[in-house]
Amino acid sequence: MRHLMSPLDFTTEELDKLFDLAASIEKDPQKYAHACDGKILATCFYEPSTRTRLSFESAMTRLGGRIIGFSDAASSSASKGESVSDTIRIISCYADICAMRHPKEGAPMVAAEKSGIPVINAGDGGHQHPTQTLTDLMTIRSLHGKLNNFTIGLCGDLKFGRTVHSLIHALVRYEGIRFIFISPEELKVPDYITDMLKEKNIPYEEVIRLESVISQLDLLYMTRVQKERFFNEEDYVRLKDFYILNASKMELANKNMLVLHPLPRVNEISVEVDDDPRAAYFKQAQYGVYVRMALILTLLGINV
Amino acid sequence: MLNVGKIEEGFVLDHIKAGKSLAIYEHLQLDKLDCTVAIIKNARSNKMGKKDILKVECDIDMLDLDVLAFIDHSITVNVIKNGEIVAKKDLVLPRQIKNVIKCRNPRCITSIEQGLPHIFVLADEQKEVYRCKYCEEKYAESAK
């Protein structure tokens with residue numbers, strides 16, 4: 001029995017298979033509409049996350065399966081003090097597969113150790129969020145056409161953003177990737193990541209302004225710069241516009257550059273960019289459903 | 001100088017940093033063994049000035065000494081049989097350490113889940129980096 005705890009749990013060959021399946025679902029969703037008839041997905045969300053939970057629920061529903069679960073800890077037995085190990089043992093009796101989000105890091109792994117059914121980590125604190133990374137990779141593969149030989153700019157909060165860290169770790173396994181990190185000094189990518197890139201001889205550069213590098217990018221991955229991450233208000237006011245993507249910055253970009261964002265977006269991408277054909281962030285949400293459908297089928301060992 | 005007699009079979013752990021012998025006694029769970037244990041504290045040492053020594057009279061297969069490599073590399077492990085040193089054991093960093101150190105990340109599931117062991121996995125042998133199995137937080141030396 002397999003679980004998904006980290007995006008690196010799957011080899012690149014296994015990911016290729018998963019993405020091929022997701023692409024096949026995208027092409028002919030009807031073919032998979034009853035693949036999970038009679039199967040139950042438990043969504044155990046110990047903290048609210050509307051998009052991720054609904055994406056999982058949509059994925060299972062589109063496969064013909066059913067959903068049970070809870071959407072915050074207060075409505076679960078965790079509020080009575082039940083351990084994750086006990087909860088998953090019970091859930092294993094009720095469902096065939098479980099997607100778990102938990103504020104504590106490593107909680108889904110504890111669940112996987114005691115579980116009788118496959119467990120998918122749907123986000124554990126600041127640690128991992130593998131299905132977001134699979135979604136990002138699937139979006140790049142589908143819209144950019146390949147997962148190698150490109151320059152990707154990662155912009156915004158690169159220090160605390162777990163989606164950014166996971167994506168970097170996933171992308172270094174592919175050939176010819178060049179990274180450009182665009183962030184204020186306070187929110188630079190952590191040293192352990194740049195050390196890892198140096199060790200693997202993977203080219204990267206770190207810059208402060210998006211305009212200075214946007215023309216070099218094949219992909220731009222935007223994240224939110226939160227005010228509370230700054231040491232003082234003055235720095236925030238001075239720097240925040242550097243990290244807002246608008247139509248004038250898009251004019252400087254390559255005509256095929258794709259813009260991705262894990263969402264929710266607040267103001268770091270102006271709404272005027274939404275209609276630009278290069279804006280891929282809403283399509284990303286669609287790919288998120290396909291890739292979760294493919295993941296559920298793979299972990300359940302269902303072949304269509 | 002205080003004299004502690006020879007042991008027939010077991011281990012002599014020498015060159016323990018002065019004052020650390022009791023911590024090692026606990027890590028090796030020697031309190032659970034029904035055998036003779038001598039703890040020598042602050043013995044004179046040419047190399048170290050002061051050192052601790054532990055002598056454990058037991059079957060040589062009884063102890064898992066790998067954890068010593070994690071605690072202190074400089075410890076010398078002498079294997080004793082028939083009252084003589086028959087080998088000096090090389091200490092190898094264990095792949096995994098269970099319930100020896102605790103994860104200090106307050107966001108880690110180990111901080112709330114009852115009965116969950118604290119397991120650290122060797123992430124980088126060269127740099128001797130251990131990470132929590134669950135949250136992957138690096139173990140900080142200062143917490144040792």
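B:Gln96 stands opposite B:Val121, a residue of strand β7 in chain B. The model is predicted. This pair belongs to a meeting of two strands. β6(B) and β7(B), which covers residues 119-124, pair in the antiparallel sense. Their pairing runs over 3 bridges.

Now widen the view to the sheet. Strands of a sheet pair through backbone hydrogen bonds, either parallel or antiparallel. Here, in chain B, 3 strands form an open sheet. Their order is β6-β7-β8, and the pairing is antiparallel. Which strands of chain B are at the edges? They are β6 (96-98) and β8 (129-132), and each pairs on one side only. From one strand to the next, the twist averages 30°.

Step back to chain B as a whole. Chain B is divided into domain 1, residues 10-89, and domain 2, residues 96-139. The centres of these two domains, taken over C-alpha atoms, are separated by 25 Å.

Next, turn to chain A and a pair of helices. Helix α3 of chain A spans residues 84-94, and helix α4 of chain A spans residues 107-114. They pack with their axes 8 Å apart, at an angle of about 50°. That angle makes α3(A) oblique to α4(A). The crossing of the two helices is right-handed.

Which residues make the contact? From α3(A) come A:Val84, A:Ser85, A:Ile88 and A:Arg89. From α4(A) come A:Ala107, A:Val110, A:Ala111 and A:Lys114.

Technical notes
Residues numbered from 1 in each chain as written. Chains lettered and ligands numbered in written order. Predicted model: local features only at pLDDT ≥ 70, side-chain atom pairs only at ≥ 80, totals over all residues. Domains from an automatic or database assignment. Axes fitted to C-alpha atoms, helices over the stretch in contact; angles between N-to-C directions. Helix = DSSP H or I, 4+ residues; strand = E, 2+ residues; numbered from the N terminus. Parallel < 35°, antiparallel > 145°, perpendicular 65-115°, else oblique. Left-handed = near helix turned anticlockwise from the far one by under 90°. Contact = placed C-beta atoms within 7 Å. Pairing = 2+ DSSP bridges.
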